[in-house]
Amino acid sequence: LSVILKFRKDEYEIEPGVTVRNALEMVNISPESVLPTRNGQLINDEDILEEGDVIRLVAVISGG
Amino acid sequence: MKCRKCSQKAIINMRQHRLAMCKEHFLDWVPEQVERFIHKYQMFSRQERILIAVSGGKDSLALWDILFRLGFESDGLYIGLGIDEGIHYSEKSRQLAETFAKTRNLRLLTVEMRDEYGETIPQIAERTTRGQCKPCAVCGLSKRHIMNRIARQGGYHVLATGHNLDDEVAVLFGNTLNWEVGFMARQGPVLEANHPGLVRKVKPLFRFSEREVAAYALLRGIEYIHEECPHAVGSKSIIYKEILNQMEGQRPGAKLNYYLTFLKAKDNGLFSIHAQEQINTLSTCPSCGQPTTANGDCSFCRIMIKK
């Protein structure tokens with residue numbers, strides 16, 4: 001089982017055992033521009049991702 | 001990673017402050033800091049009436065929630081821009097703003113562009129040179145005009161907006177790239193009413209990152225519009241925010257430092273000549289009574305008279 005990152009319509013599959021911040025950097029998403037959630041709960045960017053985790057990323061940047 | 005205050009598991013890590021917090025302490029910390037900044041930057045007092053510009057987005061609703069929790073007397077103003085673009089953007093935004101106000105028994109004033117001016121923002125943009133490429137310029141101009149008008153008419157002492165650090169830094173970055181010193185002279189967390197017809201404007205969230213404000217809104221269970229304004233996609237401000245966030249990732253605190261050192265330079269008089277020049281060139285629009293740098297009608301009135 002791997003870790004799934006979901007961001008808008010995209011999904012990324014990565015190996016477990018890395019921090020959320022490292023995972024985001026691996027898929028070229030700026031950790032400053034999203035909030036990671038697991039099971040609807042916010043998690044911090046130093047949390048280690050475990051097998052089977054599904055992380056939904058909430059976009060925080062708005063413009064205009 | 002544990003909360004700095006209670007050693008519970010942290011749900012947010014704010015690297016620029018070297019501060020991690022649990023939900024409970026983060027939700028206490030945000031309003032405490034807002035109150036500190038309101039006082040530090042002399043934004044408003046508890047005796048003053050505040051009008052909050054509410055868009056249905058996370059920043060303005062979070063601001064209203066915070067001021068409500070802090071016990072400030074504040075009403076909301078929603079401006080219906082008439083943006084649909086197949087996703088009912090304005091309609092959804094209005095519903096969220098109304099629900100927020102209703103559930104907290106707060107007063108929300110609404111202005112619908114279509115009802116009051118006979119046209120939506122995209123329609124105005126289509127017929128004017130100012131908005132031919134994108135309606136954002138017309139939108140900004142119209143919102144500034146209407147917010148000021150309603151605040152004046154309602155006798156509010158101050159108009160508060162939900163601008164966060166990322167918004168402010170993106171504007172500053174754009175102005176720096178082009179050395180728009182005139183714009184830089186009038187950028188800041190407090191914009192004084194330095195001309196008759198102008199209401200004081202404040203930005204109580206200007207020291208919070210967009211990420212922190214979004215975290216606050218999520219944790220408070222605030223229902224806000226998650227979709228981006230369809231016209232803002234690919235805008236310069238979003239591009240600047242992405243660039244600045246890359247810098248922030250490498251150097252935590254870069255955005256805050258950039259903005260605070262700008263404010264310090266401004267306080268030290270770096271832009272004072274330009275600021276005074278602008279005040280000197282302001283006159284009063286004969287049609288609406290709001291300040292303008294033009295001779296005669298202001299930009300908003302000119303656009304609306306051209307109908």
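## Where chain B meets chain A

Across the interface of chain B and chain A, the rule finds two salt bridges, a salt bridge being a side-chain nitrogen of Lys or Arg within 4 Å of a carboxyl oxygen of Asp or Glu. One of them joins the side chains of Arg211(B) and Asp45(A), at 3.8 Å from N to O.

This is a predicted model, in which local features need pLDDT of at least 70 and side-chain atom pairs count only at pLDDT 80 or more, while totals for chains, interfaces and linings use all residues. Residues are numbered from 1 along each chain as its sequence is written, chains are lettered from A and ligands numbered from 1 in the order in which they are written, and side-chain values use heavy atoms, with hydrogens and water left out.

### The interface

In contact (heavy atoms within 4.5 Å) are 28 residues of chain B and 20 residues of chain A. The two chains bury about 1900 Å² between them, 55% of it on carbon and sulfur atoms; buried area is the accessible area (1.4 Å probe) that two parts lose on being put together, summed over both. In chain B, the residues that lose the most area to chain A are Ile11(B), Arg211(B) and Asn245(B), together 29% of what that side buries.

Which elements give two or more residues to the side of chain B that touches chain A? They are β1 (12–14), α2 (58–70), α9 (210–219) and α10 (236–250) of chain B, where helices (H or I, at least four residues) and strands (E, at least two) are DSSP runs numbered from the N terminus. The largest share, seven residues, comes from α10(B).

### Helix packing within chain B

Two of the elements named above, α10(B) and α2(B), also pack against other helices, as the table shows.

| Helix pair | Angle | Axis distance |
|---|---|---|
| α7(B) (165–177) and α10(B) | about 100° | 9 Å |
| α1(B) (23–40) and α2(B) | about 85° | 10 Å |

Axes are lines fitted to C-alpha atoms, for helices over the stretch in contact, and angles run from 0 to 180 degrees between N-to-C directions. Because angles of 65 to 115 degrees count as roughly perpendicular, α7(B) and α10(B) are roughly perpendicular to each other, and α1(B) is likewise roughly perpendicular to α2(B).

Among the residues of α7(B) that meet α10(B) are Phe173(B) and Leu177(B), and the α10(B) side includes Tyr240(B) and Asn245(B). Where α1(B) meets α2(B), the residues include Leu27(B) and Val34(B) in α1(B), and Ile66(B) and Arg69(B) in α2(B).

Terms used:
Angles under 35 degrees count as roughly parallel, over 145 as roughly antiparallel, 65 to 115 as roughly perpendicular and the rest as oblique.
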